[in-house]
Amino acid sequence: MGEAMGSGALGPAMADSRPLLLGLKGITKAFPGCLANDAVDLDIRAGEIHALLGENGAGKSTLVKIVYGVLQPDAGEITIAGEMRRISSPAAARDLGIGMVFQHFSLFEALTVADNIALGLNTAAARRDLRSRIVAISESYGLPLDPDRVVHDLSVGERQRIEIVRCLLQKPKLLIMDEPTSVLTPQEADNLFATLRRLAAEGCAILYISHKLEEIRALCERATIMRQGRVVASCDPRATSARDLAEMMIGAELAAPAHARKPDAAAPVRLAVQDLSLRSNQQFGVDLHDISFAVRAGEILGIGGIAGNGQGELMAALSGEILALAPGAIALDGVAVGRIGPDGRRRQGACFVPEERNDHGAVRDMTLAENALLSAYRRRRLSRMGFIDRLRTLLFAGEVVEDFDVRTSGPRAEARSLSGGNLQKFIIGREILQDPGILVVAQPTWGVDAGAAAAIHQALMDLADAGAAIVIISQDLDELMMLADRIAVMAHGRLSPARPVAELSVAEIGLLMGGAQPERAEAAHAS
Amino acid sequence: MESAVLVSILLSVIAASTPLLLAGIGELVVERSGVLNLGVEGMMLVGAIAGFAVTYSSGSASLGILAAALGGMAMALVFAFLTLTLQANQVATGLALTIFGIGLAAMMGAGFVGHPVPKLPGLDLPLLSAIPVIGPLVFGQDFLVYFSIAAVIGASWFLYRSHGGLVLRAIGDSHDAAHAIGYPVIRIRYLACLFGGAMSGLAGAYLSLSYTPMWAEDMSAGRGWIALALVVFATWRPGRLLLGAYLFGGITILQFHVQTMGLGIPPQFVSMLPYLATILVLCAISSDATRIRLNAPACLGRPFHAAG
């Protein structure tokens, strides 16, 4: 955070004296049924780090896609360094000095780092001596990269470096970053911030999109806030509280979750995992090694870690999609279920929300009611003697839509018609309303906006208060720190011992995420 | 005497392998771009009759070969329009293309059955072609045999050494990412499909102008399907395709010789050999999933919707 104050040297007064780099005027873009951008104005000056804030569906992604030439605006003007421009394609954007690092990386898994970077360069001249230039740039900006590695072997942080180096090779004047830290450890994020500050100091403007308000307050000097396709406010995030930023985003007061819970240390253990080891069924998966933990009634256990350290496998093992070797490896309310599949575990009172909502958490081509039936038919008795009780199913799906504020035309809408955040709300609601005794949730608020995330958090806490044992597997550290009573961290398929949240610092968790042994992490805490 | 038998066996192996190689290398490039065209058999047959009909009518084998490539491309264009522009299912469209091609070729060829054409001339170099064994094998082949080898080398160079090939592989690996960077996914897939069609057409021309210089209904006899299997066998790599095509051609010829040796094995079992080998090899390859994942185009057969 000390570094963050350092960048504050460039105050708003100075910022205004820097030349205007990108000017958007009256940008309007409509999709069938929604106005994604409504007369948006935005100015970005050379060398500034500018935050673009907004809920899901506020129009941020549409706007940056227009700037990067992926989409064409219906109306409005774009000026670059004072000249009016039409950006007809990403290649044209790159020619104008605009680079973009996507949220979901546009990388090719089967190709090498050098090939991936070559694909993002427009001309043969730009691709000359590529390998040596990759090494030079990655060294000078502290972004270590081996040009000959194949992408699927790389961690998410390394993959992001490819995208950044790809942009830097073209000496961009404007770098667009779409949610860059959602997959990084706190240490990796700090390194990224140092790189971005250095770029800004060299005169490159950065347009930074993120949900993480604290991060924006530490990094950015100006913030533009969007809501429902319009720019609603502009402010200096360093002088604005995170709470105020969030309220500007959602246009309403944010209900802070009531965290008055005190789990009973003597409550019965509802979910017990003992020495669970498992070979991954995925191609480049991570095997699980000796995982043990227990969750008591009324308790929330948070499991953190960088994506791809075995969380997916742990989720599959807990839900029964991969069976454990020993029946006793997993016990629900004292019943050994290690060799029992998902349906049997649901019968024992457990519910699950997988990470991937499309195709895993929901069938996209089915209606919400049918999707509700698929997971809740037993616990909510939605079928009788093999026949579907249509009325009860519709009522149940309607209840989920109502209680979890799912924005949809109704329970007969197809799952594919919902936005990602809304579908997530529906899936979480569908499981919570089955009143489970044990709930395992992966990434409960991934891609969900601040208002909806608060509602989901509240529902999870209410469920714990009602006596359920809850496991939350999430990469969002803030979320875990807020919700969980105890936190454990996955690294290389091993789980650190769970410790009470009050005893853990973010730095310690960061070390554990990087695979440090618990002792070393504790030493770091002590120093 | 001994060497004459050997030469004739090796010549027949080359002849049996060449159509597989031509069609296979075309389909390999198509699949590398992420498109699965199961219509190889149909495109081959249309190429075979187009090549035969033009050669028979004009007397020019060169024109015939050109017509065969164009015939295959016309079929591929139909497939590309249906699957890439209209987003039809690739598997169903490919199967339909094969059935359509068999019927179309039979109709076009109805008047040509039983009329022979001169076999494609082989290379005839002074001195070199006269060398025993090596002469006829290396310096006495026809244009399409040399072309098939050149196509493997060319495809390998294109895929792994040129920027265009890198773009093509990238599109097969992730069409969404390629689109986001700004590459024209649909246009490049069209070009790949047309190349695949031309190569299948040439494979057909080899059958009707060189292998057996005549037209017979359904004369490809499943070679299009074997070429498709070979692409998987080769795990989408041109060098291995060359190996696979000659291995398969070798087994096909071996089967004739085993039958004439009179080992007492019923001929039906012996003729199963090539197909049995295909199944065994495919099973062996799919057991090593890592190798498949490293080379298989991840977007194979998936339709591309250009979303914003």
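Which are the buried residues of α18(A)?

1. This is a predicted model, in which local features need pLDDT of at least 70 and side-chain atom pairs count only at pLDDT 80 or more, while totals for chains, interfaces and linings use all residues. Residues are numbered from 1 along each chain as its sequence is written, and chains are lettered from A, with ligands numbered from 1, in the order in which they are written.

2. The buried residues of α18(A) are A:E508, A:I509, A:G510, A:L511, A:L512 and A:M513, where buried means that 20 or more other C-beta atoms, placed from the backbone, lie within 10 Å of the residue's own. Helices (H or I, at least four residues) and strands (E, at least two) are DSSP runs, numbered from the N terminus.

3. In chain A, 4 strands form an open antiparallel sheet in the order β12-β11-β14-β15, with strands taken as paired if DSSP finds at least two bridges between them. Strands β12 (288–296) and β15 (335–336) stand at the edges with a single partner strand each, so one side of each is left without a neighbour in the sheet. Strand β14 (residues 330–332) of chain A is joined to β15(A) by 2 bridges, and A:A331 stands opposite A:A336 in β15(A).

4. Between the chains, 20 residues of chain A are in contact with 17 residues of chain B, contact meaning C-beta atoms, placed from the backbone, within 7 Å. The largest share of the chain A side, 3 residues, comes from α5(A).

Methods
Contact = placed C-beta atoms within 7 Å. Buried ≥ 20, exposed ≤ 12 C-beta atoms within 10 Å, placed from the backbone.
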